[in-house]
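Here's a quick briefing on one chain.

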Amino acid sequence: MLINDAFAQAASSTQAGADWLSLLPMFGILIIFYLLLIRPQAKRAKEQKQMVEALQRGDEVITNGGILGQIINVSENYVVIEVAPTIEVTVLKSSVQTLLPKGTLKSIEPKGKIQKNKTIKTTSAPETKKVEDTIETSDNNDNEAEKNTEKK
């Protein structure tokens with residue numbers, strides 16, 4: 001009924017060696033997670049921080065919200081971005097996602113943009129002349145509406 005002291009000591013010594021071997025796969029998984037997930041994420045965060053700190057006037061950027069523009073002014077925490085010739089937006093410096101190469105904004109032209117000054121010219125019946133007149137009239141109305149909103 002009683003266990004020999006020598007038998008009890010032998011059983012405990014083999015158990016201690018097995019504990020280290022059972023932990024070996026767990027350490028392997030932790031090393032793989034570090035190499036595949038944690039290290040690359042930290043590297044990207046460091047690059048993003050350096051890019052945000054190096055922002056300067058004239059840089060072309062994209063914000064996290066998808067706004068494209070050119071930087072007009074940089075302060076400690078904020079950046080003023082010119083979205084269109086008369087439209088400026090103030091955003092947090094940390095919301096700048098990507099720094100674009102110089103001249104990228106000039107090369108981008110929206111596909112859905114309608115040019116107002118185009119008229120339809122055909123050499124058929126007088127009905128097409130009426131269509132051209134209505135297009136020009138709507139363009140003039142649009143220009144007047146824009147002037148009125150600018151005055152306000």
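This is a predicted model: local features need pLDDT of at least 70, side-chain atom pairs count only at pLDDT 80 or more; totals for chains, interfaces and linings use all residues.

Residues are numbered from 1 along each chain as its sequence is written, and side-chain values use heavy atoms, with hydrogens and water left out.

**Around lysine 93**
- You'll find lysine 93 in the loop between strand E4 (87–92) and strand E5 (96–100).
- A polar atom of its side chain lies 3.5 Å from the backbone oxygen of serine 75.
- Leaving out residues up to four places away in sequence, lysine 93 touches Val52, Leu55, Val74, Ser75, Glu76, Asn77, Tyr78 and Val79 (contact means heavy atoms within 4.5 Å).

**The salt bridge**
- A search of the whole structure turns up 1 salt bridge.
- The side chains of aspartate 59 and lysine 102 make it, at 3.4 Å, N to O.
- That pair links distant parts of the chain, 43 residues apart: aspartate 59 sits in the loop between helix H1 (5–53) and E1, and lysine 102 in the loop between E5 and helix H2 (104–107).
- Aspartate 59 is buried at 7% relative accessible area, while lysine 102 counts as exposed at 59%.

**Strands and hairpins**
- Strands E1 (residues 60–63) and E2 (residues 68–74) run antiparallel, joined by 3 bridges (two strands pair if DSSP finds at least two bridges between them).
- Valine 61 stands opposite glycine 69 in E2.
- E1 and E2 form a hairpin with 4 residues between them, and glycine 66 in the turn has a positive phi of about 95°.
- E2 also pairs with strand E3 (residues 78–84), antiparallel over 4 bridges, and glutamine 70 has glutamate 82 in E3 as its bridge partner.
- E2 and E3 form a hairpin with 3 residues between them.

**The chain overall**
- The chain has 3 helices and 5 strands (DSSP runs numbered from the N terminus: helices are H or I with at least four residues, strands E with at least two).
- From the N terminus on, the order is α-β-β-β-β-β-α-α.
- Of the 152 residues, 14% count as buried.

Conventions: Buried means under 20% relative accessible area, exposed over 50%, partly exposed in between (1.4 Å probe, protein chains only). A polar contact is a pair of N or O atoms within 3.5 Å; within protein, one must be able to donate a hydrogen and the other to accept it, and residues adjacent in sequence count only if both atoms are side-chain atoms. A salt bridge is a side-chain nitrogen of Lys or Arg within 4 Å of a carboxyl oxygen of Asp or Glu.
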